[in-house]
Amino acid sequence: MTAGQLADGQRIDAVVCDAQTQRLAELESAVVALRAENETLRAQLALRDHALDATPSFFVIARQEHPAPIIVYCNKIVADTHGYAREQLIGKPITLLTQWVGRNPKSMTEVQEALRAGQTVQLEDEVARPDGSTFWLGVSIRPLYDSGGRFTHTVAVGADITAKRIETHKKQELQNKLLAEMKERERIGIELQLAQKLESVGRLAAGIAHEINTPIQYVGDSVYFLRSAFEDFDKLFDNVNRAAATLPEGARETYKHEIAELEKKLDIEYLRSEVPKAFTRTFDGVERVTNIVKAMKEFAHPDAIEQNAVDLLHALETTLLVASNEYKYVAKVRTEFGELPYVVCNVGELNQVFLNLIVNAAHAIKDSGKDSDSGEITIRVAAEDDQAVIRVRDNGCGVPKENLSKLYDPFFTTKEVGRGTGQGLAISHAIVVDKHGGEISVNSEVGVGTEFTVRLPIAGRSARAAP
Ligand SMILES: Nc1ncnc2c1ncn2[C@@H]1O[C@H](COP(=O)(O)OP(=O)(O)OP(=O)(O)O)[C@@H](O)[C@H]1O
Ligand SMILES: [Mg+2]
């Protein structure tokens, strides 16, 4: 090897060395740059973590895995609220965070299916912590996809909604209370109307009954007097005729002739046969008026405030008598009265119920176009266990299904003004259910008829309320 060659060889070595040094320097600066970039990234991630930890919202990222997704990230509030340290959650199945109270485990499969279908799932439910305490979680879960469009992760954003739920619950309670108060007011209003109606009907009926009672007694007494006077005159007439037979012949003939003329003229024979019948009819009429007056007095019962043991069968007969004008042109009434002990009740109020049921039945029969031959109201009464059961059935027009739930609403009526006010059944309901601790129900078919059933505790409301 020559000196020149040696020098060249050294030059080549020097060149290689320079290149390596430069490469090293480049690599070093690349490492420095990478470190710096790493630092920046780490700082950015730390900032994001801080930011997410500072928010009151829940934030969870989970990786899709079988059998359950794995938590890859959650912010601090998720861990705190669920009762874990964050380290206990990262890398663990999502089921740690989904201990729904009262939600069936199948529903998590449904959530997964919805996510796989690309849907966002919203849930609001109670979640249990490891110590058994619970809180309400509201959460929205969305699917995340990789660059190849594969469903790889989910992100869930939510919040502890316990306070909101409590507030909503309180609002709901307040609303319910207001509603109950409104209903109570409505009930008091109905009771007031009932009291007024009963009072006015009672006062009116008692007044009319009183007004009729005195003159009908005069009529009765006078007719009685007239009948016995007529009988006396009749006897006198017979005796005079008999005495005439003892007159001398000529006078007797004259007398007989004149009397016969007079009898013919005055139609005495007819009077003697018809007047007693007229008296019988008059007595019958007076008796009927007396009975109706008595029934009106009993029906109205304006003074009965308390509950007494009452013969309800008699009360129904009384009501039927008072209401006869309402039904007799449209229906026949059939009664099937079984054995019934006395029922502790306010009979004046119950008469109102029976009257309304009977009048409603008569109206329904009239509306169906029936008359007193084809229309029929059946009233059945029986004792069933400790209840008196009164059933009022008609073969009238029936109640359409959509009206059945409204029947007891105050002012619900299908009748024109002047025929109904829609208070009858509301008042009946208040009397039977609230005042007597009973029940009222209805069975109806359009075109066939309707049956109302009233059930009353035989021993009265207080007996039912007792333990
Ligand atoms: N037996 C029945 N058959 C068919 N519909 C009935 C019968 N009873 C009640 N209804 C229906 O229920 C509605 C309410 O009855 P409710 O007795 O409360 O009021 P009303 O009879 O209309 O008026 P009010 O009784 O105040 O004079 C009636 O308008 C009618 O449509
Ligand atoms: Mg009515």
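Modeller: What follows begins with the core, goes on to the helix and its packing partner, and ends with a contact elsewhere in the chain. Please keep in mind that this is a predicted model. The largest nonpolar core has 46 residues, and those with the most contacts inside it are Ile358, Ala361, Ala362, Ile377 and Val392. Helix α9, which spans residues 347–367, gives the most to this core, with 10 residues. Because domain 3 (177–302) and domain 4 (304–467) both give residues to the core, it lies between them. Leaving aside residues up to four places away in sequence, Ile358 touches Thr319, Leu320, Ala323, Glu326, Tyr327, Ile377 and Val392. Another core, of 15 residues, lies apart from the largest one, and Cys74, Val78, Ala79 and Leu137 are among its members.

Helix α9 also packs with helix α11 (residues 424–435), at an angle of about 140 degrees and with the axes 9 Å apart; the two helices are therefore oblique to each other, and α9 passes α11 in a left-handed crossing. On the α9 side the residues that meet α11 are Glu349, Leu350, Gln352, Val353, Asn356 and Asn360, whereas α11 brings Gly424, Leu425, Ile427, Ser428, Ile431, Val432 and Lys435.

Elsewhere, Val223 is found in helix α5 (residues 162–244), and Val223 is partly exposed, since 16 other C-beta atoms lie within 10 Å. Val223 and Phe283 are 60 residues apart in sequence, yet their C-alpha atoms are 7.6 Å apart in space. Not counting residues up to four places away in sequence, Val223 touches Phe279, Thr282, Phe283 and Val286.

Methods. Residues numbered from 1 in each chain as written. Chains lettered and ligands numbered in written order. Predicted model: local features only at pLDDT ≥ 70, side-chain atom pairs only at ≥ 80, totals over all residues. Core = buried A, V, L, I, M, F, W, Y, C linked by C-beta atoms within 7 Å. Buried ≥ 20, exposed ≤ 12 C-beta atoms within 10 Å, placed from the backbone. Helix = DSSP H or I, 4+ residues; strand = E, 2+ residues; numbered from the N terminus. Domains from an automatic or database assignment. Contact = placed C-beta atoms within 7 Å. Axes fitted to C-alpha atoms, helices over the stretch in contact; angles between N-to-C directions. Parallel < 35°, antiparallel > 145°, perpendicular 65-115°, else oblique. Left-handed = near helix turned anticlockwise from the far one by under 90°.
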